[in-house]
Amino acid sequence: QVQLVESGGGLVQPGGSLRLSCAASGSIFSINAMGWYRQAPGKERELVATITSSGSADYADSVKGRFTISRDNAKNTVYLQMNSLKPEDTAVYYCYVDHTTWVRQRYWGQGTQVTVSS
C-alpha cells in the first residue's frame, strides 16, 4: 500500500506564491510519474502538471510559466511551486503518484485547498 500526504495549501493574495508538497509512504517499490490535478467549484478536474521518473515535466497552458513541478526521489516527494497566483487558481489541489508493484496503480493525496483572494 502507498499513502500520499499533501501539505502547503492556504490563503494567499493575488500575485503571491505557495509551495505544495506531497509525500508518498508505505510499500514503495517503483514510482513512475507524479503530478497534480486541481478542481475548482463548478469546474472540471484539470491536470496541472506532471513529472516523469527522469524529471521531464509538462504543464497545463493555464499555469505554464508560473508553476514549477519538481520531485525528490530520495524523499518520495513531489512539489508544486506556484508563483504569480491568480484568483482563478483557487481550487482543491490533488497530487497523484503512479506506482508499480505487479501492475501500475495510481494513488491520490487527500487534497489541499488553495485560495487566492484579496
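**Stop 1: the whole protein**

Colour by secondary structure and you'll find 0 helices and 11 strands in the protein (helices are DSSP runs of H or I with at least four residues, strands are runs of E with at least two, numbered from the N terminus). Going along the sequence, the pattern reads β-β-β-β-β-β-β-β-β-β-β. The radius of gyration is 14 Å, close to the 13 Å that the globule rule gives for 118 residues, so the protein is as compact as a globular protein of that length. (That radius is taken over C-alpha atoms, and the rule is 2.2 Å times the number of residues to the power 0.38.)

Before you zoom in: this is a predicted model, where local features need pLDDT of at least 70 and side-chain atom pairs count only at pLDDT 80 or more, while totals for chains, interfaces and linings use all residues. Residues are numbered from 1 along each chain as its sequence is written, and side-chain values use heavy atoms, with hydrogens and water left out.

Now switch to the C-alpha trace: along its principal axes it spans about 45 × 25 × 25 Å.

**Stop 2: a four-stranded sheet**

Which order do the strands of the open sheet follow? Select them and you'll see β1-β3-β8-β7, 4 strands with antiparallel pairing (two strands pair if DSSP finds at least two bridges between them). β1 (2–7) and β7 (67–72) are at the edges with a single partner strand each, so one side of each has no neighbour in the sheet. From one strand to the next, the twist averages 15° (the angle, from 0 to 180 degrees, between N-to-C directions of lines fitted to C-alpha atoms).

Keep β7 and β8 (residues 77–82) on screen: they pair in the antiparallel sense over 6 bridges. Click Ile 69, and opposite it in β8 stands Leu 80.

**Stop 3: Thr 77**

Still in strand β8, pick Thr 77. Is Thr 77 buried or exposed? Thr 77 is buried, because its relative accessible area is 7% (buried means under 20%, exposed over 50%, partly exposed in between, with a 1.4 Å probe and protein chains only).

Show its side chain, which reaches the backbone oxygen of Lys 75 at 2.9 Å. Leaving aside neighbours within four places in sequence, Thr 77 is in contact (heavy atoms within 4.5 Å) with Cys 22, Ala 23, Met 34, Ser 70, Arg 71 and Asp 72.

Key:
Polar contact = N/O pair within 3.5 Å; in protein donor to acceptor, adjacent residues only side chain to side chain.
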